[in-house]
Amino acid sequence: MGAVVFGYGNPSRGDDALGPRLLERAAAWLSDRPDLDVATVADFQLQIEHALDLKDRNLALFVDADAACTGAYAFAAVGPARDASYSTHELSPGSVLQVFRTVEGQAPPPAYVLSVRGERFDLGQPLSPPAEAHLEAAWTFLRGLLEDPRPSAWTAKLG
Amino acid sequence: MSRTLETAAQPADLKRVVIEPVTRVEGHGKVTILLDEANRIHQVRLHIVEFRGFEKFIQGRPYWEVPVMVQRLCGICPVSHHLAAGKAVDMLVGARKLTPPAEKLRRLLHVGQMLQSHALHFFHLSSPDLLFGFDSDVASRNVVGVIAAHPELAVQGVKLRKYGQEVIRHITGKRVHGVAAIPGGMNKALKLEERDLMLRDIGQVIEWSLAAVALSRQVFEASEEHRHHFGVFPSSFLSLAGPAGELEFYDGALRARDAQGTAIFDQVDYTHYNRFIREEVKPWSYMKFPFIISEGSENGWYRVGPLARVNNCDSITTPLAEAERRSFREAAGGGMQHASLAYHWARMIEMLHAAEEIERLLNDPDILGTDLVTRGERALEGIGVIEAPRGTLFHHYRINEHDVIEKANLIVSTTNNNQAMNEAVRQVAARYLDGKTLTEGLLNHIEVAIRAYDPCLSCATHALGRMPLQVELVDSEGRLLDRLVKDSDGGLSCGES
């Protein structure tokens with residue numbers, strides 16, 4: 001049992017790279033800390049098969065760019081939900097948790113979303129200057145989560 | 001194949017309904033419907049506002065980088081772009097004919113992608129429509145009854161998708177952003193233990209795929225409306241086909257048939273595609289409208305994807321899928337099937353073929369071969385065409401003497417289906433919306449018609465917090481009369497903002 005961190009987005013679409021960029025940092029940081037049981041999963045977007053990555057995990061984190069985020073980043077709890085994203089080419093974190101419940105017949109692990117503010121999503125563009133700053137702020141917060149991957153510790157960090 | 005309802009005679013006198021974006025379809029699809037005071041439809045258009053910048057993204061890059069970077073054009077079918085680019089780059093290095101292990105590994109990668117993509121569409125993308133229905137109450141109950149008899153569907157969908165992705169991972173080395181196709185061949189050989197791991201579960205995958213064909217057929221045939229009215233319109237069909245006219249996903253030649261099944265052209269070398277197909281620009285849409293040159297821009301549009309491929313081919317090389325193809329054609333009286341909702345049935349026949357083909361390729365000794373790269377006489381122009389899950393995909397590059405891509409042209413599957421989706425929307429709007437009060441349920445009919453083609457409009461950008469559906473009623477002077485919003489949780493709200 002351990003935690004799983006999903007970082008998703010298209011690395012070649014401007015600020016959509018925030019999720020995978022943060023995940024890269026997390027994976028590199030974790031590689032020096034084998035005592036921490038945290039798996040990392042990178043992808044373009046969430047899909048139904050990511051529910052299987054939740055198996056045998058006691059904690060999950062979804063890291064993504066968010067155009068609607070008001071601060072540099074936001075941290076929130078998320079639960080299973082059969083929302084409008086259920087049948088799109090891209091699922092919400094809540095839908096992935098719902099698919100897990102359907103497939104495994106049990107409650108998913110406690111899950112959280114770390115949303116990082118993104119502004120520009122054009123193909124072939126790098127991170128925007130504001131997103132670079134948001135990346136640094138979010139990484140400091142994410143590192144704090146990874147240092148103590150327990151549900152109670154993460155819940156204590158909810159705003 | 002008329003363009004009735006494409007352009008209204010006096011659009012300024014009409015009020016406008018906007019559906020934006022279309023839910024359960026990637027990206028920024030928008031449907032506009034112009035109504036008169038009696039809610040009669042005068043104009044229907046599907047607008048797609050993505051697909052800009054693909055060519056620019058590729059131009060200026062060394063050709064050998066392209067098969068990897070084009071995977072980032074689309075997070076839904078990166079393997080399709082990877083393989084189309086790989087074939088185009090093969091031509092640049094003079095390698096039209098790969099070694100048997102390299103070609104078979106690419107084919108295995110391709111059918112792995114086809115399996116996972118088709119599984120996603122049927123088991124999850126379409127299931128809300130199939131579960132809850134979009135037609136009359138009676139039809140809904142029939143459809144619900146079918147699904148209720150198969151509660152294991154959701155689990156099978158996830159596991160089929162996962163299996164296809166594991167095929168991709170074994171060949172590319174990674175779940176995403178892997179490298180498989182390189183100029184003139186493949187990057188790495190398949191290991192024996194990887195082959196055996198995939199073989200272990202393929203029997204179950206074939207069994208589930210066969211059951212999915214039966215279910216998709218049952219759902220389609222249960223409804224007279226699905227078979228004879230909903231999104232049913234005549235069209236031509238375009239696809240690749242093998243030398244004997246067999247279903248072909250990876251290579252082969254271009255084949256086009258008209259609505260009656262008569263050949264427009266056949267066994268055309270795909271590198272000559274631009275002698276047979278041209279793209280038309282329309283002032284009201286960002287997306288181009290391809291057409292068959294000999295038929296003219298008015299009548300030369302066509303459909304691609306599962307329905308086109310199964311209609312167009314003379315056979316399927318794997319036995320279970322071939323038996324299902326015969327049933328499919330018999331159900332259409334031996335002719336061409338024109339119902340948009342038959343896409344789902346055809347898609348499942350293709351998924352079955354992909355599963356059978358995975359088994360065949362895994363049992364072929366060449367699949368473990370290590371002779372993976374070949375080269376020939378270098379060329380300055382490369383064209384790669386494959387059948388992606390959603391239809392025919394063209395990549396065309398021209399390089400300079402420094403190996404840098406100077407010009408690129410891509411025709412993606414959704415572009416090939418652009419006019420066909422517009423036709424489907426018009427037909428459905430005219431049949432189900434004309435003269436009626438607008439409701440979310442009625443508007444969902446339009447979305448169901450679009451979803452049958454499984455368009456991929458976003459090409460892998462996303463950000464939390466966007467509205468998945470917005471419907472606006474605007475009068476001829478641009479005033480907002482009404483608004484219907486389906487938020488990201490699926491909740492509906494209405495009224496002016």
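The following legends describe close-up views of a predicted model.

**View 1. Overall build of chain A.** Chain A contains four helices and five strands. Read from the N terminus, these elements follow the order β-α-β-β-β-α-β-α-α. The C-alpha atoms occupy a box of roughly 45 × 35 × 30 Å along the principal axes. A compact globule of 159 residues would have a radius of gyration near 15 Å, and the value for chain A is 15 Å, which agrees. Buried residues make up 52% of the 159 residues of chain A. Among the contacts in chain A with a separation of 6 or more, 72% join residues 24 or more positions apart.

View 2. Strand β1(A), residues 3-8, is paired with strand β2(A), residues 38-43, in the parallel sense, and six bridges connect the two. The chain passes from β1(A) to β2(A) by way of α1(A), in a β-α-β crossover that is right-handed. Within this pair of strands, V5(A) has T40(A) of β2(A) opposite.

**View 3. Helix α3 of chain A and its surroundings.** Helix α3(A) comprises the 19 residues 129-147. At 1.5 Å a residue the helix should span 27 Å, and the distance of 28 Å between its end C-alpha atoms agrees with this. Six positions form the buried part of α3(A): A131(A), H134(A), L135(A), A138(A), L142(A) and L145(A). The elements of chain A that cover these residues include the helices α1 (18-31) and α4 (151-156). Strands β3 (59-66), β4 (73-78) and β5 (111-117) of chain A are also included in this cover.

View 4. I168(B) belongs to helix α7 of chain B, which covers residues 153-172. Leaving aside residues up to four places away in sequence, I168(B) touches V79(B), L109(B), G112(B) and Q113(B). The C-alpha atom of I168(B) is also 10.0 Å from that of R106(B), a residue 62 positions away along the chain.

View 5. Four strands of chain B form an open sheet in the order β8-β7-β6-β11, and their pairing is mixed. At the edges lie β8 (263-268) and β11 (302-303) of chain B, each of which pairs on one side only. Strand β7(B), residues 253-257, is antiparallel to β8(B), with three bridges between them. Having 13 other C-beta atoms within 10 Å, Q267(B) is partly exposed.

**View 6. The three-stranded sheet of chain B.** An open sheet in chain B has three strands, ordered β12-β13-β14, with antiparallel pairing. The edge strands, β12 (381-388) and β14 of chain B, each pair on one side only. On average, neighbouring strands of this sheet are turned by 10° against each other, with direction ignored. Eight bridges hold the antiparallel pair of β12(B) and β13(B). In this pair, A388(B) stands across from G391(B) of β13(B). Helix α3 of chain B, residues 78-92, lies across β12 and β13 of chain B and runs at about 150° to β12(B).

**View 7. The loop between β13 and β14 of chain B.** D403(B) is located in the loop that links β13 (391-399) to β14 (405-411) in chain B. Although D403(B) is not a glycine, its phi is positive, at about 70°. D403(B) is partly exposed, with 15 other C-beta atoms within 10 Å.

How values were computed
Residues numbered from 1 in each chain as written. Chains lettered and ligands numbered in written order. Predicted model: local features only at pLDDT ≥ 70, side-chain atom pairs only at ≥ 80, totals over all residues. Expected span 1.5 Å × (residues − 1). Buried ≥ 20, exposed ≤ 12 C-beta atoms within 10 Å, placed from the backbone. Contact = placed C-beta atoms within 7 Å. Pairing = 2+ DSSP bridges. Rg over C-alpha atoms; globule rule 2.2 N^0.38 Å. Right-handed = clockwise from strand over helix to strand, strands pointing away. Axes fitted to C-alpha atoms, helices over the stretch in contact; angles between N-to-C directions.
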